[in-house]
Amino acid sequence: MTEEDEAAFDEFLAARSTALLRTAVLVCGASPHDAEDLVQGALERVYRHWGRIRHDNPEAYARRVVVNAAISRARRKRVIQEITFARPPETAVDAVDHGLRDALMAELRKLPARMRAVIVLRYWEDMSEAETAAALGCAIGTVKSQAARGLARIRERLAEGVPV
Amino acid sequence: MNTEQALKEAMAQHVAHVHASPMMGRSVRRRSRRATIRLRTAGVALVTATAAVAVPVTMSLTSGPAVSVAATPAPEATDIVPATPTPEPVTTPFVVDGVSVGYLPQGCDTPGACGVWVGVYKDGATTLDQDGRLDGKKVAENTYLNDGNMIARVLDDTHGVLVVLEPSLAEKLDAATIEAELIKVAEGLTLAD
């Protein structure tokens, strides 16, 4: 990679790495520390192809790599959680008032990884349906339906007052 | 406030304290150097995997039938194996010389993210049989698992397929997983339209 490429990559990191890290935290539900490891791995791939992609919307490429990695990680995590919590404790969950924000985040984390990614990209990243579809490599119709179902599920559960 | 707006604010608050480390660039470059070393190591391993496919390539060049090969990871590894066919990143579903690959292990839908090799023998049954690939444990009709990390399947008289897991990928998995994944890949092979 040329010095110019290296400098451009540093500029890209300075401008976008925090946003990518935040997206990863939201999509995979990991701690910032774990998400940073995931983002580093994704950015390593971006760096490897930087000479080729830097002139061709590197942000979209990087976001796509990060989101896909975050979805994969969230799925693996979910399998582990499902195994670990196959027999949930019978004791009632303490009725703690976590507030609307925590309730929303808890419900967001319960969504399937891909549906959560749609919600994050659409409503946190403010991406259009077309941009979200491109980032996730799916059809616009899928984005529409996943977003609608995700929001409906969150509304429903909050209305039911499911303990969180 | 509607749900979308409330979610947006909740997400923004949730990650407001999250900032990328100023050392991110250094960490990424360090990982890249490590990955380069891994890729070179994998390149050596790929020679083994490639050899399994390249031998019939050579044979087919002299004996008639052609073999097409598609594989991941992406071409970095080939710089030390200039004589091998240039691998192309895999995306699913993809087609290798008339054969559609309908299943790849999880994570393989991302180009360069996995090490699965798919080679198509244009003169299927004859060449696969001649090359000794139709051997080992029969796991389905015309499908044989052999050498631990490869599976061969004859689709018709002119399409035989050899699927090889790159050794560096195979060594991360247990034997049962390798067998299950190879069988799934073999089951997902169909003649393309």
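Helices (H or I, at least four residues) and strands (E, at least two) are DSSP runs, numbered from the N terminus. The model is predicted, so that local features need pLDDT of at least 70 and side-chain atom pairs count only at pLDDT 80 or more, while totals for chains, interfaces and linings use all residues. Residues are numbered from 1 along each chain as its sequence is written, chains are lettered from A and ligands numbered from 1 in the order in which they are written, and side-chain values use heavy atoms, with hydrogens and water left out.

Chain A contains eight helices and zero strands, in the sequence order α-α-α-α-α-α-α-α. Of its 164 residues, 44% are buried, where buried means under 20% relative accessible area, exposed over 50%, and partly exposed in between (1.4 Å probe, protein chains only). Chain B has five helices and nine strands, arranged from the N terminus as α-α-β-β-β-β-α-β-β-β-β-α-α-β. In chain B, buried residues account for 48% of 193.

Within chain A, A:L38 belongs to helix α2 (residues 32-48) and is buried, with a relative accessibility of 9%. The C-alpha atoms of A:L38 and A:A24 are 7.7 Å apart, at a sequence separation of 14 residues.

Over all chains, the structure holds 17 salt bridges, a salt bridge being a side-chain nitrogen of Lys or Arg within 4 Å of a carboxyl oxygen of Asp or Glu. One of them joins A:R63 and A:E125, at an N to O distance of 3.5 Å. Because A:R63 lies in helix α4 (residues 58-84) of chain A and A:E125 in the loop between α6 (113-124) and α7 (129-136), this pair ties together parts that are 62 residues apart in sequence. Both side chains belong to buried residues: A:R63 has 10% relative accessibility and A:E125 has 16%. A:R63 and A:E125 are also linked with A:R16 and A:E59 in a network of salt bridges.

A salt bridge is likewise formed by A:R157 and A:E107, with the closest N and O atoms 3.6 Å apart. A:R157 is in helix α8 (residues 140-160) and A:E107 in helix α5 (residues 99-110) of chain A, so the pair ties together parts that are 50 residues apart in sequence. A:R157 is partly exposed at 24% relative accessible area, whereas A:E107 is buried at 1%. In the salt bridge between A:D102 and A:R101, the closest N and O atoms are 3.5 Å apart. A:D102 is partly exposed, at 31%, as is A:R101, at 34%.

In chain B, all six residues of strand β4 (residues 116-121) are buried. B:V116, B:V118 and B:V120 point one way from β4(B), and B:W117, B:G119 and B:Y121 point the other way. In a regular strand the side chains alternate between the two faces of the sheet. β4(B) pairs with strand β8 (residues 159-165) of chain B in the antiparallel sense over six bridges; two strands pair if DSSP finds at least two bridges between them. The bridge partner of B:Y121 in β8(B) is B:G160.

B:R26, B:R30, B:R33 and B:R34 form a positive surface patch. Patches are made of residues with over 30% relative accessible area and no salt bridge, with like charges joined within 9 Å and nonpolar side chains (Val, Leu, Ile, Met, Phe, Trp, Tyr) within 5 Å. B:R26 is located in helix α2 (residues 24-63) of chain B and is exposed, with a relative accessible area of 56%.

Key
Accessible areas come from the Shrake-Rupley method with a 1.4 Å probe; for residues, only the protein chains shown count as cover. Lys and Arg count as positive and Asp and Glu as negative; His and the chain ends are not counted. The place of a charge is taken as NZ of Lys, CZ of Arg, CG of Asp or CD of Glu.
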